Amino acid sequence: WGTRLLRALPAMRLREARRWAPRVEEAWRREDRELDVETRAAVGRCLSLGGRLEAACEVLEGLREERGGARETRLAALRELGEVLQRSSRVDEAAEVFRSISERNPRYMPSRLNMGSCLLALGMNDEARKLFEGVLKKSPASPEARTNLAVLKLLGGKSDDGVEMLKKII
């Protein structure tokens, strides 16, 4: 049943996948790991949603240098890996994953936003500011970039500017 469950994951709705996380991890550990990229990405996503972060990291780490499968699937799996690392308090590793995605795909804004959040968490405010400003140049309507720039202003002691920015977002 394990292989069938793992192969069914890409088509499963997220709510259902979360519920199956314990069985998915069991099947993953027992079954042959020579599954296609889409299935492995779905296994990682399911484990992440189910709160099994270490297992999700293990699965998604294996996709880091993967060349097969759809480009969008690989990007989503790498972004998921970064988010799992971030939620596991491994922010420096998460920043590297997001940096890697950004270098490979400079126009993929979600990874730049995630990387900026990591830099902010690591106290690298100047680098985070530059990154968020770069996102705004390419995507002026980005509420995430605007919110993070407002937070940076608040952290930098410019509370009036930060509050004004937040009011404009809301």
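## Contact of α6 with α8

In this predicted model, Arg-79, Glu-83 and Gln-86 of α6 meet Pro-110, Asn-114, Ser-117 and Cys-118 of α8, where contact means heavy atoms within 4.5 Å and helices are DSSP runs (H or I, at least four residues; strands are E, at least two) numbered from the N terminus. The residues of this contact divide into two nonpolar, three polar and two charged, with Ala, Val, Leu, Ile, Met, Phe, Trp, Tyr, Cys and Pro counted as nonpolar, Asp, Glu, Lys and Arg as charged, and the others, Gly among them, as polar.

The axes of α6 (residues 71–87) and α8 (residues 109–121) come within 11 Å and cross at roughly 15°; axes here are lines fitted to C-alpha atoms, for helices over the stretch in contact, and angles run from 0 to 180 degrees between N-to-C directions. The two helices α6 and α8 are therefore roughly parallel to each other, a class that takes angles under 35 degrees, while over 145 counts as roughly antiparallel, 65 to 115 as roughly perpendicular and the rest as oblique. The crossing of α6 past α8 is left-handed, a term used if the near helix is turned anticlockwise from the far one by less than a right angle, with right-handed used if clockwise.

Asn-114, which lies in helix α8, counts as buried because its relative accessibility is 11%; buried means under 20% relative accessible area, exposed over 50%, and partly exposed in between (1.4 Å probe, protein chains only). When its neighbours within four places in sequence are left aside, Asn-114 is in contact with Arg-79, Glu-83, Gln-86 and Phe-98.

Leu-113 is also placed in helix α8 and is buried, with a relative accessible area of 14%. With neighbours within four places in sequence again set aside, the contacts of Leu-113 are Leu-131, Phe-132, Val-135, Ser-142, Glu-144 and Ala-145. The C-alpha atom of Leu-113 is separated by 24 Å from that of Glu-38, which is 75 residues apart from Leu-113 along the chain.

## Packing of α4 and α5

Helix α4 (residues 37–49) packs with helix α5 (residues 53–61) at an angle of about 165°, their axes being 8 Å apart, and α4 and α5 are therefore roughly antiparallel to each other. Their crossing is left-handed. On the side of α4 the contact is made by Arg-40, Ala-41, Val-43, Gly-44, Leu-47 and Ser-48, and on the side of α5 by Leu-53, Ala-55, Ala-56, Val-59 and Leu-60; these residues divide into eight nonpolar, two polar and one charged.

## Buried side of α3

In helix α3 (residues 21–30), the residues Ala-21, Val-24, Glu-25, Ala-27 and Trp-28 are buried. They cover an arc of only 165° around the axis, which puts them on the same side of α3, the arc being that of the directions from the helix axis to the C-beta atoms. An α-helix has 3.6 residues a turn, so residues three or four places apart point the same way.

## The chain as a whole

The secondary structure of the chain comes to eleven helices and zero strands. Its C-alpha atoms fill a box of roughly 60 × 30 × 25 Å, taken along the principal axes, and 40% of its 170 residues count as buried. Among the contacts in the chain with a separation of 6 or more, 47% are accounted for by residues 24 or more positions apart.

## Basis of the values

Residues are numbered from 1 along each chain as its sequence is written, and side-chain values use heavy atoms, with hydrogens and water left out. As this is a predicted model, local features need pLDDT of at least 70 and side-chain atom pairs count only at pLDDT 80 or more, whereas totals for chains, interfaces and linings use all residues.
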